[in-house]
Amino acid sequence: MVNLNTGMLVEKKLKSIVLFIYTLVGTGGAERLLLEEHNFFKKMGIKTRILTFRFKRKALFNYKLCDLEVLKESNYLSEVLSLRKRLKEIKPDLVVAVHDLHVYPATIFTGIPYILHIHGSMFWTNDWKKYALIHKRVFKTIRESIIGHKQFVPEKPRFSALGRIRIEVSSLLDYLVVKKAKKVLVLSPQMKWEVEKLYGKDAIVLRGGVKPDLLNYKPKQNIKEKLGLKGKRILLSVGRLDPRKRIDTLIKAFASVRPKFDDVVLIIVGSGSDEGRLTALVKELGLGDKIIFTGHVKDDELWDYYAGCDVFATPAWAEFDIAPYEALALQKKVVWSSEMADDLLKDERVIAAEPTSEGFAEGIEKALMMKIRGKLDLQEYTWENYCKKILNICERVVCGDKA
């Protein structure tokens, strides 16, 4: 930009950011990332405010937060106008938004740029936009690229005439939201590829999720003693209990390896809609005394579960999952779905397994028998480094660097 008094070029500085997420109610990775960004940007001296339409205090985890504003939830048009009005009042240098249909119409003609987080595949959510005509050309290619896509995504669902119209309209708007973003940030090469196929947009792959304190964490309690499992080995799973996490696959795999490893117990940490079905499956397989459901575990205690386990398993249909990174930070062996594309899969303590009961049984058996030497350095995957990369991208956008 040009200083009107001197006529000299002056570098524009990033001074103010708005973080926008439509709902801040859950305790997932998207919410945690938003809070980490907020804390990091504030620490760097950038004025940072979070705007949302729905909020529940549990979504803050253990974070302290005061720069949060909950806008009035209404119909879509009123919400767009409300967000637009607030952005024009705040006048941020940049909006960092979680993928949503509000952000483009709320910023158009305001001169306020935005970058977009796309945290998950359109194919692993209940998102009907993937069936829109605009995506018809690439639908089959993407659906067949991942085992989970084929497993969970119906090929030809039926819609009413009104439903079809809604899908087409929302898909066109969604297309504009992504195309008009200054930058798109994703969590995996798979997601980068899908964004290019769906929107013709190049995305930047960034990964993070490990708190620096975890790299040198010393357990506060002995989980095996607490649960009465002294002398046992623990196979651990951490995550929300829903079908996409494939905990049923893990339970069936455990049932297969259990006869060979009488000292192993499966601990499942988390809660969710699939809990009833999973507990019924455990009863059906006669594993009631070998599998423990803990329910939700608070963050300040969760790390002790990682520290106390012998093997961590994650068969989830996902592009990115914080939990296995946390387990690896504590030098645990991890059985990971082969769908995940990650450089960490090359490490000796990580076993890539087909996300089937047979595949995971084989992976768990191998993990229980293998010995690990050396230490894995996850410094690159800390929230601090992740947020530094995001800040660098934000600064380049504000300063007009299109690279």
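His 38 counts as buried because its relative accessibility is 3%, where buried means under 20% relative accessible area, exposed over 50% and partly exposed in between, using a 1.4 Å probe and protein chains only. Welcome to a short tour of this predicted model, in which local features need pLDDT of at least 70, side-chain atom pairs count only at pLDDT 80 or more, and totals for chains, interfaces and linings use all residues. Residues are numbered from 1 along each chain as its sequence is written, and side-chain values use heavy atoms, with hydrogens and water left out.

**His 38 and its surroundings**

- His 38 belongs to helix H1; helices (H or I, at least four residues) and strands (E, at least two) are DSSP runs, numbered from the N terminus.
- The His 38 side chain makes a polar contact with the side chain of Asp 67 at 3.0 Å. A polar contact is a pair of N or O atoms within 3.5 Å; within protein, one must be able to donate a hydrogen and the other to accept it, and residues adjacent in sequence count only if both atoms are side-chain atoms.
- Apart from neighbours within four places in sequence, His 38 is in contact (heavy atoms within 4.5 Å) with Leu 19, Thr 48, Ile 50, Leu 65 and Asp 67.

**The seven-stranded sheet**

- Seven strands make up an open sheet with parallel pairing, in the order E5-E3-E1-E6-E7-E8-E9; two strands pair if DSSP finds at least two bridges between them.
- Strand E5 (68-70) and strand E9 (204-205) are the edge strands, each pairing on one side only.
- Four bridges pair strand E6 (residues 94-98) with strand E7 (residues 114-117) in the parallel sense, and Val 95 has Tyr 114 in E7 as its bridge partner.
- Helix H1 (residues 29-43) lies across strand E1 (16-20), strand E3 (47-52), E6 and E7, at about 155 degrees to E3. Axes here are lines fitted to C-alpha atoms, for helices over the stretch in contact, with angles from 0 to 180 degrees between N-to-C directions.
- Helix H2 (residues 76-90) lies across E1, E3, E5 and E6, and runs at about 170 degrees to E3.

- Strand E11 (residues 264-269) has six of its six residues buried, so the strand is largely enclosed by the rest of the structure.
- Both faces of E11 are covered, with Val 264, Leu 266 and Ile 268 buried on one side and Val 265, Ile 267 and Val 269 buried on the other.
- Strand E10 (residues 233-238) runs parallel to E11 and is joined to E11 by six bridges; Val 238 stands opposite Val 269.

**Ser 170 in helix H6**

- Ser 170, in helix H6 (residues 161-179), counts as buried because its relative accessibility is 18%.
- The Ser 170 side chain reaches the backbone oxygen of Ile 167 at 3.1 Å.
- Leaving aside neighbours within four places in sequence, Ser 170 is in contact with Leu 101 and Lys 129.

**Aromatic rings**

- The whole structure holds 15 aromatic pairs: rings of Phe, Tyr and Trp (its six-membered ring) pair if their centres lie within 6.5 Å, and planes under 30 degrees apart count as stacked, over 60 as edge-to-face and the rest as tilted.
- One of these is the tilted pair of Tyr 325 and Tyr 381, 5.2 Å centre to centre with 45 degrees between the planes.
- This pair links distant parts of the chain, 56 residues apart: Tyr 325 is in helix H12 (residues 322-329), and Tyr 381 is in the loop between helix H13 (357-369) and helix H14 (383-398). Both Tyr 325 and Tyr 381 are buried.
- Phe 123, Trp 128, Tyr 131, Phe 139 and Phe 159 are linked into a cluster by ring pairs.
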